[in-house]
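Here are a few notes to go with the structure. Have it open while you read.

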Amino acid sequence: MLAGSLGYLIVSQGIRVAFGWWIYAPAEALLFLSGALVAVPIVRGSIRSWIFPRLMRPRRTLIVGSGADARLVFRKLKTHPEYGLEVVGFLDGDSEAPPPGPVLGSPDAVAQVVDEYEIDRILIASSVGSHEETLDLVRTVRRPDVQVSIVPRYFEIFTSNAILDDVEGMPVVTLPPMRLGRSARLLKRSVDIVVSATALLFLSPLFALIAVAIRLDSSGPALYWQPRRGRLGSTFSIVKFRTMFTGAEQRRSEVLHMNEVDGPLFKIKGKDPRVTRIGSFLRRTSLDELPQLWNVLKGEMSLVGPRPFVIYEADQITGWATRRLDMTPGVTGLWQVLGRNDIPFEEMTKLDYLYVTNWSLWWDLKILCQTIPVVLGKRGAY
């Protein structure tokens with residue numbers, strides 16, 4: 001899209017110089033490109049999330065393996081129906097833990113299972129034996145009517161923007177260089193200021209309506225401030241619309257038994273008795289997060305980044321996972337668009353590490369656009 005717009009602009013300017021015909025002005029090119037960079041990912045994500053799952057038949061999928069990687073793949077596919085993949089079953093590699101679905105046979109019966117269950121796609125999610133046995137399995141199922149995908153080793157440390165190099169016919173995955181220099185931070189900060197200031201201006205009437213609704217629904221202030229862990233371990237006060245009754249934090253011990261997420265996080269998927277009526281609506285629609293645009297404007301947060309945890313949660317994160325503090329925390333982030341609170345805590349920290357070590361401005365823009373259909377779909381919001 002970027003290359004096409006630039007090429008068309010160069011051609012149009014050449015025509016203007018040669019023949020005097022006005023086709024495409026630089027200002028028009030800038031406006032078109034700015035709109036397209038935002039509109040294309042949003043439209044693509046909306047079609048993928050809402051239209052394709054309703055119109056297209058899910059592709060019958062077979063997962064080879066039954067270990068931790070296979071279970072992780074299964075959970076991701078169940079969480080994201082927009083991928084259009086229906087897991088028919090597993091080929092069990094004699095794992096100690098049973099897979100979360102029907103076992104259709106052993107890996108050496110892959111050809112028979114593919115034909116019998118009309119498999120469209122195979123996901124090899126773990127080793128099924130020796131190196132040669134895995135190669136034989138792939139060679140057996142490589143045919144025009146079946147798509148084969150392989151979950152690579154070390155998938156936890158690189159993303160789709162990794163570079164595939166070639167060393168004398170052998171593919172080598174190269175991790176992209178980390179771009180966290182001064183110029184990159186300045187560019188990211190400039191985008192944060194422009195977007196947050198513009199959003200605060202245009203959303204101010206909505207802010208006023210929400211504030212009035214909160215005050216009418218329950219006693220107490222409309223805004224809620226809470227200490228959070230920021231970049232490089234600093235502390236700042238995040239601002240949100242109040243969704244709980246006043247004094248709810250002091251009642252936390254009363255509802256500890258209702259916690260439904262793992263790790264140090266505390267979330268209640270069902271009805272939290274401390275949440276107000278309007279607060280429940282604000283949480284489901286993520287409108288309670290909007291005041292954080294003020295944190296972004298002040299520089300305490302960014303539009304995109306690792307989600308800032310409360311102090312006692314953040315301090316339980318140690319080791320390589322603390323790299324999430326290398327960047328300014330964000331209003332939205334990678335794990336928000338991939339499942340939000342439905343993602344286990346351990347995977348959240350891995351996704352934050354991926355974001356920090358693979359950051360790019362284009363990825364920020366992509367995450368921002370993906371946030372819109374996720375919020376509208378209310379996935380993982382509670």
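1. First, a term: a cavity here is a set of grid points where a 1.4 Å probe fits but cannot get out. Keep in mind that this is a predicted model. With that cut-off, the structure holds one cavity of 30 Å³ or more.

2. How much space lies in the largest cavity? About 40 Å³. Its lining is made up of R229, G230, P306, R307, P308, R324, L325, M327, T328 and P329. Sorted by class, that lining has five nonpolar, two polar and three charged residues.

3. The largest nonpolar core has 38 residues, and L282, L334, Y355 and I367 touch the most other members. Elements giving two or more residues to this core are α6 (182-217), β9 (235-241), α7 (277-285), α8 (292-298), β10 (302-304), α10 (334-337), α11 and α12 (361-377). Another core, of 15 residues, lies apart from it and includes V88, V114, I119 and V141.

4. L282 deserves a look of its own. Leaving out residues up to four places away in sequence, L282 touches I210, I214, F241, R242, T243, L287 and D288.

5. Now α11. Is this helix mostly covered or mostly open? Mostly covered: ten of its 13 residues are buried. Those are F345, E347, M348, T349, L351, D352, L354, Y355, V356 and T357.

6. The length of α11 (residues 345-357) checks out too, because 13 residues at 1.5 Å a residue should span 18 Å, and the end C-alpha atoms are 19 Å apart, which agrees.

Methods
Residues are numbered from 1 along each chain as its sequence is written. This is a predicted model: local features need pLDDT of at least 70, side-chain atom pairs count only at pLDDT 80 or more; totals for chains, interfaces and linings use all residues. Side-chain values use heavy atoms; hydrogens and water are left out. On a 1 Å grid over the protein atoms alone, a cavity is a set of points where a 1.4 Å probe fits but cannot get out, and a pocket is an open set with protein on both sides within 12 Å along at least five of seven lines; lining residues have an atom within 4 Å of a point. Grid points are joined across faces, edges and corners, and a volume is the space filled by probe spheres set on the points. Ala, Val, Leu, Ile, Met, Phe, Trp, Tyr, Cys and Pro count as nonpolar, Asp, Glu, Lys and Arg as charged, and the others, Gly among them, as polar. Helices (H or I, at least four residues) and strands (E, at least two) are DSSP runs, numbered from the N terminus. The expected span of a helix is 1.5 Å times one less than its number of residues. Buried means under 20% relative accessible area, exposed over 50%, partly exposed in between (1.4 Å probe, protein chains only). A nonpolar core is a set of buried Ala, Val, Leu, Ile, Met, Phe, Trp, Tyr and Cys residues joined through side-chain atoms within 4.5 Å. Contact means heavy atoms within 4.5 Å.
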